Amino acid sequence: MRDIAVFSGTAHPDLAAEICAHLGVPLHPVRVSRFANDCLEVQLQANCRERDVFLIQPLVPPVQENLVELLLMIDAARGASAGRITVVLPHYAYARSDKKDAPRISIGARLVADLLVSAGADRVLAMTLHSPQVHGFFSVPVDHLHALRELATHFRRYDLSNTVVVSPDLGNAKEAAAFARLLGTPVAAGAKQRFSDDLVKISAVIGEVTDRDVIVLDDEIAKGSTVVELMEHLRGLKVRSIRLACTHGLFSGDALQRLSDQDGVLEIVCTNTVPIADSKRVPKLQVLSVAPALSEAMRRIHNGESVSALFA
């Protein structure tokens, strides 16, 4: 069995350190420097030869900078004769660019997947991809985790007898239905139409939500435009309370504070797949750790065990 070697880029070193603590292995250092012409250079500062190398790097802002850093880490590991290179992507930002929904538009999710494989990635470990088809954009094995168990464990602390899980749109309804099954609650969904990145319109909510406690579940929250639009409809339908839940709490700009200030919002729950700068300044925010899930998946990959068994 190969030795394991774990490295982290600069995107989210705190999560990488927590993962390594659960694995009981050191987080090896990486030197990232910049040439005078602004090009990056990466050096993995530990032996990789014939080792099982894991590179942890969520694609978070600055996304392009972190992507190039990850590609250089992969290339460095391949050049150092790593036995196998697994890219750990807690957040794959380009997953949102997954279809041609306008003329002459790029499909970034597929292109970036090709870049990672061309750089030398042998395997990918991802968390809550934006849509199921992104899994198929990679030509190497992908282990696709979700954070529904962590979120469900958190919400089971409450009385859920009058609760309904609401998906902001029909595209996320399957995940919302799976989450509702874990909680033993009904599910509803918004009928959404997107006009631009920050302009959406929800025409109706499909399902019974009146006089219910609502948990709004989405895969990620960035600007929060969809969630704000949905909450206006929910308040019009006279829900009792609203809790927001997502895997990737991107919260760009003032989104986190704006969501926290919305009428009826009791709590905002996300995971630590991405770093959250304002987490301690918003009392309603709860951040759950996915480090145990990622570390267990990495252990199973290393030992050749089933990763899908984590969801049994």
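This is a predicted model: local features need pLDDT of at least 70, side-chain atom pairs count only at pLDDT 80 or more; totals for chains, interfaces and linings use all residues.

Trainee: Which domains is the chain divided into?
Mentor: Domain 1 covers 4-145 and domain 2 covers 148-288; the bounds come from an automatic or database domain assignment. Their centres, taken over C-alpha atoms, are 28 Å apart.

Trainee: How much area do domain 1 and domain 2 bury between them?
Mentor: About 1,000 Å², with 54% of it on carbon and sulfur atoms. Buried area here is the accessible area (1.4 Å probe) that two parts lose on being put together, summed over both. In domain 1, His 91, Arg 96 and Thr 128 lose the most, together 49% of what that side buries.

Trainee: How many salt bridges are there between the domains?
Mentor: One, counting a side-chain nitrogen of Lys or Arg within 4 Å of a carboxyl oxygen of Asp or Glu. Arg 96 and Glu 220 form a salt bridge through their side chains, at 3.4 Å from N to O.

Trainee: Switching to His 91, is that residue buried or exposed?
Mentor: His 91 is buried, at 3% relative accessibility (buried means under 20% relative accessible area, exposed over 50%, partly exposed in between, with a 1.4 Å probe and protein chains only).

Trainee: And what is His 91 in contact with?
Mentor: Leaving aside neighbours within four places in sequence, the contacts of His 91 include Pro 58, Glu 220 and His 248, where contact means heavy atoms within 4.5 Å.

Technical notes: Residues are numbered from 1 along each chain as its sequence is written. Side-chain values use heavy atoms; hydrogens and water are left out.
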